[in-house]
Amino acid sequence: MGCAPSIHVSQSGVIYCRDSDESNSPHQTATISQGTIHGLFIKTDAAESVLAYQSRHSRRTPGGEPARIEAETQTSHSSVKVSATEECVGPMRLTQEPTQVLLVFAKEDSQSDAFWWACDRAGFRCNIARTPESAVECFLDKQHEIVVVDGRSSRYFEPEAVCRSIRATKPSENTVILAVVPPRPAGQDEPSVLPLLCAGFSRRFVESHSVTGCYNELLQVEHGEVRCRFKLRACNSVFTALEHCQEAVEITSEEHVIQYVNPAFERMMGYHRGELIGKQLTELPESDRNRADLLDSINTCIRRGEEWQGVCFARRKSGDSFQQSVKITPVVGQGGKIRHFVAIKRPHLENNNQVNRFGKEERCGGEPSDCHSLRHRDRRKDSMDARSLSSRGSDAPSLQNRRHSSVARVHSMTIEAPITKVINIINAAQESSPATVAEALDRVLEILRTTELYSPQLASKDDDPHANDLVGGLMSDGLRRLSGNEYVFSKNMSQSQLAIPGALSDVPPAIADMLNDEARWEFNILELEAATHKRPLTYLGLKIFTSFGVCEFLDCSEATLRSWLQLMEASYHSSNSYHNSTHAADVLHATAYFLRKDRVKSSLDQLDEVAALIAATVHDVDHPGRTNSFLCNAGSELAILYNDTAVLESHHAALAFQLTSRDSKSNIFKSMDRTQFRTLRQAIIDMVLATEMTRHFEHVSKFVNSINKPMAIEQPGTCSVSGDGEGPASFRNSPENRLLIKRMLIKCADVANPCRPTELCIEWAGRISEEYFAQTDEEKRQGLPVVMPVFDRNSCSVPKSQLSFIDYFINDMFDAWDAFASLPGLMEHLSENYRYWKSLDEMKCKSLRPPPPS
């Protein structure tokens with residue numbers, strides 16, 4: 001290999017640096033101890049050490065003594081020390097560290113040495129991997145900008161497979177991968193590069209042992225693709241800023257095709273991003289309150305490359321028009337032509353006299369405005385005018401006018417809701433506040449005017465795709481994309497098809513023995529499912545309803561109750577792996593268990609208890625085994641009927657009452673007083689709707705703030721209280737707080753599987769996973785959006801999905817519920833189950849149970 005040190009792999013698997021006797025390069029040699037290796041040979045830049053590692057098997061000298069491995073520090077005079085460089089993306093200044101290169105060569109040869117010394121000459125940091133596995137491991141650790149894969153032969157590994165493995169990792173998005181290919185034999189046509197490109201390679205390099213040739217190739221790649229991709233990678237920070245910006249941002253092409261909108265735009269306009277991207281602006285409904293020539297004047301201005309700023313009307317998805325302050329900036333791109341338009345928008349909150357003159361307040365380019373107030377626009381309500389930042393004194397008149405107009409507008413309201421009173425207080429405080437405080441209070445007002453005060457804005461968790469998919473699948477209504485696909489519900493079984501079970505006293509002894517244990521949390525609902533031939537709801541319902549005196553409260557006979565329970569159970573789909581009558585029975589059991597806790601019992605009256613038991617029984621009736629997102633994307637009749645909002649939960653509640661009232665033999669409400677029935681019906685509906693996951697965090701947050709925190713104040717020094725039910729409880733017995741308690745109760749009962757004994761937890765996890773797998777399969781068959789991609793039966797890790805569900809939804813909710821109801825046994829099961837799933841995940845096991853010992 002000439003006079004330079006080279007790479008050598010011995011038969012024992014040791015990778016080390018070999019030096020020729022004729023080398024003129026000085027070497028500083030140090031000894032390092034034995035270690036382990038995964039096929040990696042790591043070299044840093046010219047000023048750092050070449051590290052060598054020993055394989056798992058001890059390397060011994062011919063005499064049997066363990067060998068020692070030397071690490072050499074290179075000081076080749078041909079090396080170039082490259083420090084961090086600066087790059088600019090627009091006004092953004094970036095620092096680029098020295099380029100890192102990964103060489104994937106199974107064996108040392110002249111080609112690998114040539115790239116090695118080319119990296120040394122260029123000052124690039126270089127690693128060498130001998131196997132595909134070590135290549136991926138090293139790449140994930142170092143995240144190289146350039147990867148060179150030996151593609152001359154498939155004797156040791158398939159180069160395309162190596163490339164695909166690296167491309168399958170997230171860091172590879174901005175990596176350049178080169179394939180080293182053999183030279184073309186004379187007389188043969190040039191082979192196509194398409195197979196390499198399809199495998200994920202960026203370019204090819206024809207075999208050349210010339211260090212200068214390799215050096216030139218690396219320099220071209222570094223100055224071209226690497227730097228371009230480095231700048232593209234930096235754009236992620238710009239999009240992060242846009243995603244969290246409080247102002248609505250819309251980016252369109254030169255042809256006014258929408259290319260991007262941020263979450264603030266979605267909130268302001270009521271659309272989802274998927275409904276807007278790719279559409280022409282002219283395809284969206286326009287407000288008819290703008291003057292006829294306004295849009296033409298805006299278009300004329302921005303087509304000249306000038307910025308337009310002013311106030312105009314827009315129409316939300318809901319159909320209502322509102323005024324917004326708008327700033328549209330043309331962006332010049334390739335060829336000096338306008339390639340994009342960036343529009344920054346926010347609701348216009350000036351008083352009506354100023355608003356109605358919006359036509360005079362518009363401004364194009366650098367032309368002065370006709371309205372003096374626009375020249376020093378209040379930056380609290382319109383951050384588009386940078387001149388408003390230059391002088392606080394110039395803001396004073398508009399600030400004062402803004403405050404007076406806000407107070408006048410709020411005081412003119414005829415409805416004095418509690419939130420209106422809060423807004424009045426804040427507006428009054430703005431009267432005597434400095435500009436900075438008034439600006440902060442304006443932000444507070446904007447937040448208070450939203451309708452979802454307790455709903456957090458959930459950020460994407462890049463490190464947890466399972467949590468992302470659960471949030472997308474359970475807490476959203478899909479993309480609202482209607483199609484010709486209609487999801488058909490199975491027909492309900494008629495009552496005559498199933499025999500009505502006998503009275504509670506006539507229950508078979510084996511089932512009766514099981515039901516004697518129903519008051520314990522460890523009650524095994526799956527054993528009851530098997531014993532009753534998948535009809536556990538009727539039997540368990542009879543036992544629990546009798547123990548709570550439901551028939552006496554409703555003034556109905558036991559025969560009517562039996563008929564109603566049988567009718568509800570027949571309306572569940574036994575073909576569903578999870579959402580069947582066994583799940584309903586499980587939720588009913590958990591609900592009864594919670595209702596028997598002292599603090600819960602002291603907070604609710606009998607009507608609340610009956611409502612909770614009935615709601616638990618019917619909460620998933622006629623569930624199709626698919627999520628709300630699926631039904632919305634499929635354009636199902638139910639999604640259309642309920643306007644894509646709480647589709648299934650609305651259907652469950654409505655159908656339960658429809659079925660109940662259809663036949664007097666099963667109408668458990670027929671003898672109730674009308675007023676009491678309406679109260680009970682409203683409580684049942686509210687609890688069923690509370691099981692919808694889009695408002696999960698809202699319900700939990702309200703419970704914590706309205707129940708847990710006042711309890712902690714009443715009992716200083718503790719948050720988790722005993723279940724003796726003692727202490728002041730008046731705040732808990734208010735109608736508002738009883739409502740929160742009932743919602744939290746059924747929510748916890750509905751998703752209590754992670755708090756069950758481990759064997760039950762495992763079984764339920766398998767059932768819900770199978771249902772999600774089936775949904776993903778059907779989405780792919782019908783060409784629908786896959787709302788939970790991680791739930792692919794061929795690749796999903798069930799332990800990971802359970803860990804994500806517990807972390808994201810269960811822990812906080814059950815901590816709050818335990819602090820109220822005192823449930824130490826459940827919390828212990830939750831901890832045990834979490835440890836179980838964690839152990840499987842650490843074993844890289846994707847199934848429900850660990851593999852059998854070999």
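Leaving aside its neighbours within four places in sequence, with which residues is Thr660 in contact?

Reply: The model is predicted, so local features need pLDDT of at least 70 and side-chain atom pairs count only at pLDDT 80 or more, while totals for chains, interfaces and linings use all residues. Residues are numbered from 1 along each chain as its sequence is written, and side-chain values use heavy atoms, with hydrogens and water left out.

Thr660 is in contact (heavy atoms within 4.5 Å) with Trp564, Met568, Ser666, Asn667, Ile668 and Phe669, once its neighbours within four places in sequence are left aside. The residue belongs to helix α26, which covers residues 647-662. Helices (H or I, at least four residues) and strands (E, at least two) are DSSP runs, numbered from the N terminus. Thr660 has a relative accessible area of 2% and is therefore buried; buried means under 20% relative accessible area, exposed over 50%, and partly exposed in between, with a 1.4 Å probe and protein chains only.

The side chains of Thr660 and Trp564 are joined by a polar contact of 2.8 Å. A polar contact is a pair of N or O atoms within 3.5 Å; within protein, one must be able to donate a hydrogen and the other to accept it, and residues adjacent in sequence count only if both atoms are side-chain atoms.

Thr660 and Trp564 also line the second largest cavity, together with Ile614, Val618, Ala656, Phe657, Phe669 and Ile684. On a 1 Å grid over the protein atoms alone, a cavity is a set of points where a 1.4 Å probe fits but cannot get out, a pocket is an open set with protein on both sides within 12 Å along at least five of seven lines, and lining residues have an atom within 4 Å of a point. The elements that give two or more residues to this lining are α23 (606-618) and α26, and α26 contributes the largest share, three residues. The space in this cavity is about 40 Å³, where a volume is the space filled by probe spheres set on the points, and grid points are joined across faces, edges and corners. By class, seven of its lining residues are nonpolar, one is polar and none is charged; Ala, Val, Leu, Ile, Met, Phe, Trp, Tyr, Cys and Pro count as nonpolar, Asp, Glu, Lys and Arg as charged, and the others, Gly among them, as polar. A search of the whole structure finds three cavities of 30 Å³ or more.

Of its 854 residues, 50% are buried. Among contacts between residues at least 6 apart in sequence, 69% join residues at least 24 apart.
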